[in-house]
Each structure stands twice: as structure tokens, then as C-alpha cells.
Amino acid sequence: MFVVASSLLIVAFILSFLEEYLSFRVKLSILAGMAVIMVCMSTFKDLNTTADARFYLDYFQNNDDPLIEVMTEPTYIYLSRLLIYMGLGIEVLLFIYAIITIPTKLAVINKLTPYVFTALLIYIPAYYLLQDVVQIRAGAAAAFLFLSLYMVCEKKYVFAVLAFITAILFHYSAIAFLPVFIWGNRKLYLPVRILLAILVPLGFLMYFKEMDLLSFLPSSLTQGKVDFYKDSAEKGSQFAEYVLPYKNFYLMVRCLLLFVCLIFYKSIIMEMKYANIIMVMLAASIFVKLSMSTIPVIAGRLSDLYGITDCIAFSYCLSFVKPSWIVKCGIFGVGLYVLVYNYLHSGFIV
């Protein structure tokens, strides 16, 4: 799996230098070929090498268990029942999720940025492996949230609402996307940009004070699951280290990226019409990661949900930083670091 992922990353890096010269048809053909490889890797992975796989297999085989039925989204439950009734295995379920998720994300990335292969330098190591290979329900939800975001920007509100509801049916955490969904692609005036910038130090403050956003909600609404996640963190869950800011180079780079994008806002917005909502997503992802650090699993899941647009934000650097080859090499370096780190330290892929 590491070899295939590394190969995809290197191919995307090479193509990033050629994408401005490729025709739409050629670019689409290449993306389709990459999508086929990604779908195959997500479908035919060894379940013993990925975190969460045993849970998905258990949910699939015991979908009539009352506890599993309550905790798991209806799409997964009913798809599992249908496939078992047809005599099919979990591989078909993985294929259905992959064929829905991966082409959707690649298509939306291609719509949101003209630098699609540059964007893939972040998407492949940071989100494809985590969401589309490991956390397949969250990955499917992220795909439909990505789609709803694009539909909101295009003012196709009926389709946006349908995509948003579909995302919730794939993973309940998608409801956390609602504030950004309502905000849309509104222009970021100076006070709003200042507010987005303040979210970073505010997040660090909450991190150092060991506060989290759920502290402001009634305990009766959150106590059970929160206790489970906090207990996991205290016992040394694999997610606990991943959220620590000083040990998370990628998080620090994203903080720098947000500040740079806000500083060069006027230059970016002249070329990238979707930049407003992309910056809001980036700021929200960073803030959630820091402000929910006492509950690492929730922090990671929600941050990754918002962070799916990171790849777009990185590609926007090409609109104001020259020469472009330095930017592409820098983004490739970040992507390569994330890929290697995930394999050596994250624990979600062996």
C-alpha cells in the first residue's frame, strides 16, 4: 500500500509541472486512471493492515445487533443487510463506498482549483489514506460535504441541501459542517479575516487550558461518548499524539498557510472565486483540532471533515507566490512528510 501511495504522489508531483499545458480531456483521462487505482486500493486492502477494519467487519456481520444499529449510520446498516441477503461480502461494500467517494472528491477538486495535480499532493497522503482507505464512512460523508460546498458556491441550493443530508446519512458527524454550509462563499471582509486569524491563538489557548467546545454543552447530551474518548486518550490512544500541536508538523504548516492566505486575500480572490469558503474551512479545521484536543478522536474526526479542502488552499499559493516550481516542491515536501509520518507513527495503516 505504501508503494502504491508513494507512486501516486510522485506521479501527481510530476504532473503538477505539466497541468497548465494539459487539455481538459487529457487531464480528465489521467484523473480517471488515478481514480481506478485508488478505488482498487481502497477496496482490496488487507483488513489486517488498517485501523477500524475489524470494526467495519464486525458492523457488517452483526448489523442486526441493537447496539450497532443505534451507533451506526443507516446507510451502512442497510447496505450491509442487502449485500448479506444477496450473498455478497464486505469487499463489495468497500467497493461501493470507494466508487462513490473517490471519483466525487476528484471531480470536485478539479472544479474548485485549476491546479488539480498540485492539490493531489496533499489530498493523497493526508486525506485519501485516512478517509477513503481507513475511515470509509467519514470518507463518504466528506465526499458529499465537498460536493455540497461546491453546490453552495454555485448557488445550486437544492442540490447542496440534498448532498448535505446524504453526507449526514453516511456519517452523523457531518452535521458539524452546518455553520460553514450556512455561511457559504460570502466575501471575507477585513473584520471577518481578523476573526479567522484569531481562531488560531484562541485554539492554542483552549489547548493549553485543557478546555474543549463540548464543555459548553449540557453533559446529558455528550457524556457517554465523550467519557469513552477521554478514557481512550488517557490510556494512550493512537490518536492522542496525532493532535498535539508541537508534534504535528502538518498542523503548524496549515496554521502558517491560513495566515498567508489571509494576508494575500485580495490577490487570491481575484483568481480563485471559491477562496472565501476554502479559507473558512481551513480556519475551522485548525480551530477544532486545537479546541477539542482533550478529546483527540473527536478533534481528529471533525478537523479532518473540515480539512478536506486543505488541498485546495495549498494549491491557491500558486496564484501569488513565484516561481511556481518552488511552491510545488514545497507542497510535495509537505505531502511526502505526511505520507511517511502516517506510515511510521500514526498507527492507522500498518
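Mentor: Let's start with how the angle is read: axes are lines fitted to C-alpha atoms, for helices over the stretch in contact, and angles run from 0 to 180 degrees between N-to-C directions. Keep in mind that this is a predicted model. The protein averages a pLDDT of 85, and 88% of the residues score at least 70.

Now for our part, the pair α2 and α7. Helix α2 covers residues 24-43 and helix α7 covers residues 116-134; their axes come within 12 Å and cross at roughly 20°. Angles under 35 degrees count as roughly parallel, and α2 and α7 are therefore roughly parallel to each other. As for the hand of the crossing, α2 and α7 make a right-handed one.

Which residues do the touching? On the α2 side you'll find Lys27, Ile30, Leu31, Met34, Met38, Met41 and Ser42, and they meet Val116, Phe117, Leu120, Tyr123, Ile124, Tyr128, Leu129, Asp132 and Val133 in α7. Sort that contact between α2 and α7 by class and you get 13 nonpolar, one polar and two charged residues.

Let's set another pair beside it. Helix α11 (residues 190-208) packs with helix α16 (residues 275-291) at an angle of about 10°, the axes being 8 Å apart. That makes α11 roughly parallel to α16. Among the residues making this contact are Leu196, Leu199 and Phe204 of α11, along with Met279, Ile286 and Phe287 of α16. The class count for α11 with α16 is 13 nonpolar, two polar and no charged residues.

In α5, Thr75, Tyr76, Leu79, Ser80 and Leu83 meet Ile90, Val92, Leu93, Ile96 and Tyr97 in α6. That contact divides into eight nonpolar, two polar and no charged residues.

Charged pairs turn up too: the structure holds five salt bridges. One links Glu73 with Arg137, with the closest N and O atoms 2.4 Å apart. Glu73 lies in the loop between α4 (66-71) and α5, while Arg137 is in helix α8 (residues 136-153), so the pair ties together parts that are 64 residues apart in sequence.

One stretch to read with care: pLDDT stays under 50 over residues 232-243, where the model has 23 contacts beyond four places in sequence.

Conventions:
Residues numbered from 1 in each chain as written. Predicted model: local features only at pLDDT ≥ 70, side-chain atom pairs only at ≥ 80, totals over all residues. Heavy atoms only, no water. Contact = heavy atoms within 4.5 Å. Helix = DSSP H or I, 4+ residues; strand = E, 2+ residues; numbered from the N terminus. Nonpolar A, V, L, I, M, F, W, Y, C, P; charged D, E, K, R; others polar. pLDDT = per-residue confidence, 0-100. Salt bridge = Lys/Arg side-chain N within 4 Å of Asp/Glu carboxyl O. Parallel < 35°, antiparallel > 145°, perpendicular 65-115°, else oblique. Left-handed = near helix turned anticlockwise from the far one by under 90°.
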